[in-house]
Amino acid sequence: MDLDWPAFLMDYEWLIEFLKGMVKPAAALAVVLLAVALSYSQNLSLEGEMIYSVFRSFLQLSIIGFVLQFIFNQENAAWIILAYLFMVSIAGYTAGQRAKNVPRGKYVAGASILTGTSITMFLLVVLNVFPFTPRYMIPIAGMVVGNAMTVVGVTMKQLRDDIKMQLNLVETALALGATPRQATLQQVKRALVISLSPVLDSCKTVGLISLPGAMTGMIMGGASPIEAIQLQIVVMNMMVGAATVSSILCTYLCWPSFFTKAYQLQTHVFSAN
């Protein structure tokens with residue numbers, strides 16, 4: 001039976017276009033091979049991990065590209081919420097892993113990230129900064145959730161480590177009648193300052209040292225630099241707002257794990273390394 005080549009190629013036109021588009025990414029593997037060669041020459045033993053990481057990123061991005069293409073074509077608000085909740089779930093798990101010695105850390109991180117990012121995004125939609133469409137909301141959500149994930153993970157880990165280092169001071173304050181908030185006020189401030197400083201430093205130097213992803217993507221996509229910086233300003237504002245709300249909230253949610261109802265330290269939480 002003769003094969004109808006025009007019909008066959010039409011059915012798989014999306015695959016052909018995808019493979020054509022992967023020519024440049026494949027060429028960019030040259031820099032990965034350079035990194036692998038350097039790792040081998042320096043006896044770092046990172047060659048396998050480098051290859052695995054690049055392959056995994058290729059696979060994940062390829063899959064998410066098709067998923068986003070499908071979602072964008074639907075123009076359905078339910079897909080936005082589903083994609084957002086998926087991002088928050090992964091972010092909560094990842095941040096919880098960073099603060100693995102905090103009991104129920106994954107749930108604390110997930111709830112903090114969900115609250116901080118949802119409030120921020122809701123305000124921007126209400127103020128008509130962004131339209132509530134998949135093409136806008138999903139990429140913005142990805143940037144904001146990813147940033148909040150990093151900040152929350154650092155906050156939880158730093159807070160627990162600081163309290164552990166100053167257990168005697170905290171216990172003395174509790175014995176004198178202080179509440180958990182009062183007894184750990186300095187540790188909370190230190191954890192928040194350390195976790196939020198990179199975000200604030202990024203705001204101070206954006207455009208001077210680096211051109212962030214959103215801005216760079218728009219410029220390379222053909223948008224004018226003015227349009228690109230306008231979007232980037234909004235993104236930076238979102239990141240600061242969401243990160244601040246999420247990190248402060250996670251300090252409050254950590255206390256039930258750090259203290260008993262009688263305002264005593266849960267010593268077993270701070271015994272692990």
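Student: What percentage of the chain is helix over residues 53–72, and how far apart are the end C-alpha atoms?

Tutor: A stretch of chain can be read by its secondary-structure content together with its end-to-end span. In this predicted model, residues 53–72 are 100% helix and 0% strand, with the end C-alpha atoms 28 Å apart. Residues 78–95 are likewise 100% helix and 0% strand, and there the end C-alpha atoms are 26 Å apart.

Student: Which residues does UniProt list under "transmembrane region"?

Tutor: Such a label comes from a record and is to be read beside the coordinates. The unreviewed UniProt entry lists residues 22–41, 53–72, 78–95, 107–130, 136–156 and 229–255 under that name.

Student: How is the chain divided into domains, and how far apart do their C-alpha centres lie?

Tutor: The domain assignment gives domain 1 as residues 1–73 and domain 2 as residues 77–269. The C-alpha centres of these two domains lie 32 Å apart. Four residues from domain 1 and four residues from domain 2 make the contact.

Student: What is the area buried between domain 1 and domain 2, and which atoms give it?

Tutor: An interface may be described by its buried area and by the atoms that contribute to that area. Here the buried area is about 490 Å², and carbon and sulfur atoms give 86% of it. On the side of domain 1, Phe70, Ile71 and Phe72 supply 87% of the area buried against domain 2, more than any other three residues.

Student: How many salt bridges and how many residue pairs in polar contact are found across this interface?

Tutor: The rule finds zero salt bridges between domain 1 and domain 2.

Student: How many salt bridges does the structure hold?

Tutor: The structure holds four salt bridges. In one of them, the side chains of aspartate 162 and arginine 190 meet at 2.8 Å, N to O. This pair links distant parts of the chain, since aspartate 162 belongs to helix H8 (residues 134–165) and arginine 190 to helix H11 (residues 185–205), 28 residues apart.

Student: Which residue does the side chain of arginine 160 meet in a salt bridge?

Tutor: The side chain of arginine 160 meets that of aspartate 161, at 3.4 Å, N to O. Arginine 160 counts as buried at 3% relative accessibility, and aspartate 161 counts as partly exposed at 23%.

Student: What separates lysine 204 from aspartate 201 along helix H11?

Tutor: The two residues are three places apart in helix H11, so about one helical turn separates them. Lysine 204 and aspartate 201 form a salt bridge, and their closest N and O atoms are 3.9 Å apart. Lysine 204 is exposed, with a relative accessible area of 61%, while aspartate 201 is partly exposed at 40%. Elsewhere, salt bridges that share partners join Lys157, Arg160 and Asp161 into one network.

Student: Where does serine 247 lie, and which residues does it touch?

Tutor: Serine 247 lies in helix H13 (residues 225–258). This serine counts as buried because its relative accessibility is 0%. Leaving aside residues up to four places away in sequence, serine 247 touches Val151, Val152, Thr155, Leu192, Ser195 and Leu196.

Student: What is the phi of serine 45, and what is the phi of tyrosine 263?

Tutor: Most residues other than glycine have a negative phi. Serine 45 has a positive phi, near 60°, and tyrosine 263 has a positive phi, near 65°.

Student: Where do serine 45 and tyrosine 263 lie?

Tutor: Serine 45 lies in the loop between helix H4 (29–41) and helix H5 (47–74), and with 64% relative accessibility serine 45 counts as exposed. Tyrosine 263 lies in the segment after H13 and is partly exposed, with a relative accessible area of 43%.

Key
Residues are numbered from 1 along each chain as its sequence is written. This is a predicted model: local features need pLDDT of at least 70, side-chain atom pairs count only at pLDDT 80 or more; totals for chains, interfaces and linings use all residues. Side-chain values use heavy atoms; hydrogens and water are left out. Helices (H or I, at least four residues) and strands (E, at least two) are DSSP runs, numbered from the N terminus. Buried means under 20% relative accessible area, exposed over 50%, partly exposed in between (1.4 Å probe, protein chains only). Contact means heavy atoms within 4.5 Å. UniProt positions are given in the numbering used here, feature names are shortened, and annotations may be inferred rather than shown by experiment. Domain bounds come from an automatic or database domain assignment. Buried area is the accessible area (1.4 Å probe) that two parts lose on being put together, summed over both.
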